[in-house]
Every structure is written in C-alpha cells, then in structure tokens.
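My notes follow in the order of the look-ups.

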Amino acid sequence: MKYEYKTEPRNYQRRALQKMVQVERGALWLPMRAGKTKIAVDWASFLSLSRDVTRVLVLTHTVTTLGVWRAEFDKHCPVDYSIGIQEVPEEGHTLEVLILNIQRVFDRERVGKSWQPAKSEMLYDWDPDMLIIDEATCVGDPSAIQTIRTYRLVQDLGIRYILELTGTPVHRK
C-alpha cells in the first residue's frame, strides 16, 4: 500500500516507518527533537488505513505533553481523526485518539483507610487497538503501579500494536 504523508518525513523517519509497518510492536530510541512523534502519528495513520486500527491510546509521562501530541496529530495525520472519547464518533473519522497521562491507566478506590489502584473502566470500555507510550522509560520499573497497570491493560484487552518512544537511552549514552 502506498502511504501519502501529510508532511514530508526526513529520510530516517521514512526508513523507521518502513520498518514499523512490518511489525506489530516496536520501540523508537531516537534523540530528543528527532521526530519520534511524527513517526508514531504516521504509523497510527498507516495502520488505520491498512489494518483496521480505529482507536489509538497515547500515554504520556507529563501533562504538558498532552497539547504537544494534539498539535502533532493536527500537523502530521493524513486521515480524519478525533481526539478524546466521543459519545457518538463523528461521521467519516477513521481514527479515534485518546491522549492521557500515564497515571490515568488506573483509577483509585478506597480500601480501608488507604487508596488502592483499580481498573480504569473507561479505558477498558473504550478498548484501544493501538498503544503508544511516550517516554517509555516511565514504565520501566516492573514494581511501579503504572507499569503493572499498563501491562495488565495490554494483556486484558489484547492490544495488538504497541510503540514505545524514548530519547533517554540516547542522551545518556
């Protein structure tokens, strides 16, 4: 399938996307400001056109990057999309995108005198087809609640397409 870019990629972004379309799971370890987000948007767009991916969950590590992701979808996504969970999806939108802080993959419930993590019913009901984890190093500690809950979400829902993004290993050598 020939993919039509909305914004022309750099050569290494084009090569990365060519590799990503051949797999279901991958990671992009590129330096900061190298365009990892553009590659992720293009991969989600390609999958929506070729493999029936309709819902993309983007997990970010900070609240400040939520707006960055929105802007990047506006800038680079060649398919019709909507951001957020729509009661009734807008007609003609190929892709629904939900961008959340990574700590929102679980809710909290009161157990005795303390709060415990609980399944996020909203995410389970929404049932994403694809997961993008921005700064994937934030889910690197296997004992962290957000790591455990992200893993369970993937396992419980059978999320097929997963992309991890990080620049941390690059700048720390």
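Entry 1, terms. I call a residue buried under 20% relative accessible area, exposed over 50%, and partly exposed in between (1.4 Å probe, protein chains only). The model is predicted, so I note that local features need pLDDT of at least 70 and side-chain atom pairs count only at pLDDT 80 or more, while totals for chains, interfaces and linings use all residues. Residues are numbered from 1 along each chain as its sequence is written, and side-chain values use heavy atoms, with hydrogens and water left out.

I took a salt bridge as a side-chain nitrogen of Lys or Arg within 4 Å of a carboxyl oxygen of Asp or Glu. The rule gives 4 salt bridges, and I looked up several.

I found Glu-8 paired with Arg-14, N to O at 2.3 Å. Glu-8 is exposed at 60% relative accessibility, whereas Arg-14 is partly exposed at 26%.

Glu-24 pairs with Arg-160, with the closest N and O atoms 2.7 Å apart. This pair links distant parts of the chain, 136 residues apart: Glu-24 lies in the loop between α1 (11-20) and β1 (25-29), and Arg-160 in the loop between α5 (145-157) and β8 (161-166). I named helices (H or I, at least four residues) and strands (E, at least two) from DSSP runs, numbered from the N terminus. Glu-24 is partly exposed at 34%, and Arg-160 is partly exposed at 45%.

Glu-96 forms a salt bridge with Arg-55, the closest N and O atoms being 3.5 Å apart. Glu-96 is in strand β4 (residues 95-101) and Arg-55 in strand β2 (residues 55-60), 41 residues apart. Is Glu-96 buried or exposed? I read 9% relative accessibility, so Glu-96 counts as buried; Arg-55, at 25%, is partly exposed.

I joined like charges within 9 Å, using residues with over 30% relative accessible area and no salt bridge. Asp-107, Glu-109, Glu-121, Asp-125 and Asp-127 form a negative surface patch. β5 (106-111) and α4 (121-126) each give two or more residues to the patch. I placed Asp-127 in the loop between α4 and β7 (130-134); Asp-127 is partly exposed at 34%.

I checked the span of α2 (residues 36-50, 15 residues). The expected span is 1.5 Å times one less than the number of residues. That gives 21 Å for α2, and its end C-alpha atoms are 21 Å apart, which agrees. I also found 13 of the 15 residues of α2 buried, so the helix is largely enclosed by the rest of the structure. After α2 comes Asp-52, with a positive phi near 65°.

Methods:
Patches are made of residues with over 30% relative accessible area and no salt bridge: like charges are joined within 9 Å, nonpolar side chains (Val, Leu, Ile, Met, Phe, Trp, Tyr) within 5 Å. Accessible areas come from the Shrake-Rupley method with a 1.4 Å probe; for residues, only the protein chains shown count as cover. Lys and Arg count as positive and Asp and Glu as negative; His and the chain ends are not counted. The place of a charge is taken as NZ of Lys, CZ of Arg, CG of Asp or CD of Glu.
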